[in-house]
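Hello,

Here is the structure I promised to pass on to you. Please open it beside this message, and then read on for what turned up.

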Amino acid sequence: MHEANGKACPKFAIFASGRGSNATVLMDSFISGFNLGEVCVLVSNHADAPVLERAKERGIATVCIPHKGMPREEHDAAMFVALQEHGAEHLLLAGYMRILGSKFIQEFPGHILNIHPSLLPDFRGLRAIERQWEERVKVAGATVHEVIADVDAGTTLLQGSIEVRGDEGPEGLADRILN
């Protein structure tokens, strides 16, 4: 832990793969002091992810470890080394579109949270917003949950919901859920 205002504060790594709407909100919440702690690094698996620039604009270190062509164990090991180098104690997955290996998850037991764009346990996995739209759900939302080896199955910590308007399409629904 590091010191902030005379108090010990945890160090967080944020994982994101794309534009980074949720990751940006998280970064700003730590910078403003709303969340106690420090974002020590933003990790992405896509070199062209806009979230990398958003982190740099905020003075947050970035690490990009592309996964294409790399065995999962090798990719996870490279991420673990990067996290150790930055002193990360807790991981926040905010639009990170790659499943973490069970061995990697075991290195951070109870210290990995994910933001998933559905009201779990419904619509686990990929394309959750699109699948909600296709199923014509009346209420959609997002879930913050603990990460375990089973995808989107960890303990739910927080959920928020919105009514689906029916005229917005999957893109409009995604904008409302993600923002």
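Let me begin with helix α2, residues 50-57, which lies across β4 (38-44) and β5 and runs at about 160° to β5. Helix α3, made of residues 72-86, packs on the sheet as well, where it touches β3 (11-15), β4, β5 and β6. The direction of α3 makes about 160° with that of β4. Please keep in mind throughout that this is a predicted model.

Now the sheet itself. Seven strands make up an open sheet with mixed pairing, and their order is β5-β4-β3-β6-β7-β8-β9. Which strands stand at the edges? They are β5 (62-64) and β9 (156-163); each has a single partner strand, so one side of each is left without a neighbour in the sheet. From one strand to the next, the twist averages 20°.

Leucine 113 has glutamate 146 of β8 standing opposite.

Next, have a look at helix α1, residues 21-31. Eight of its eleven residues are buried, so the helix is largely enclosed by the rest of the structure. The buried residues in α1 are Ser21, Asn22, Ala23, Thr24, Leu26, Met27, Ser29 and Phe30. What covers them? The cover includes β3, β4, α2, β6, β7 and α6 (169-178). Just after α1 comes glycine 33, which takes a positive phi of about 90°.

Histidine 90 is also worth a click. This residue lies in strand β6, which spans residues 90-94. Is histidine 90 buried or exposed? Its relative accessible area is 19%, and the cut-off for buried is under 20%, so histidine 90 counts as buried. Its side chain makes a polar contact with the side chain of histidine 111, at 2.9 Å. Leaving aside residues up to four places away in sequence, histidine 90 touches Pro10, Lys11, Phe12, Ala13 and His111.

Finally, the charged pairs. How many salt bridges does the structure hold? There are eight, and here are some of them:

- Arginine 58 and glutamate 57 meet through their side chains, at 3.8 Å from N to O. Arginine 58 is partly exposed, with a relative accessible area of 28%, while glutamate 57 is exposed, at 57%.
- Arginine 127 forms a salt bridge with glutamate 130, and the closest N and O atoms are 3.0 Å apart. Arginine 127 is partly exposed, with a relative accessible area of 45%; glutamate 130 is also partly exposed, at 34%.
- Aspartate 167 and arginine 165 meet through their side chains at 3.6 Å, N to O. Both of these residues are exposed.

Aspartate 167 and arginine 165 also belong to a network of salt bridges, in which they are linked with Glu168 and Arg176.

Best wishes

Key: Residues are numbered from 1 along each chain as its sequence is written. This is a predicted model: local features need pLDDT of at least 70, side-chain atom pairs count only at pLDDT 80 or more; totals for chains, interfaces and linings use all residues. Side-chain values use heavy atoms; hydrogens and water are left out. Helices (H or I, at least four residues) and strands (E, at least two) are DSSP runs, numbered from the N terminus. Buried means under 20% relative accessible area, exposed over 50%, partly exposed in between (1.4 Å probe, protein chains only). A polar contact is a pair of N or O atoms within 3.5 Å; within protein, one must be able to donate a hydrogen and the other to accept it, and residues adjacent in sequence count only if both atoms are side-chain atoms. Contact means heavy atoms within 4.5 Å. Two strands pair if DSSP finds at least two bridges between them. Axes are lines fitted to C-alpha atoms, for helices over the stretch in contact, and angles run from 0 to 180 degrees between N-to-C directions. A salt bridge is a side-chain nitrogen of Lys or Arg within 4 Å of a carboxyl oxygen of Asp or Glu.
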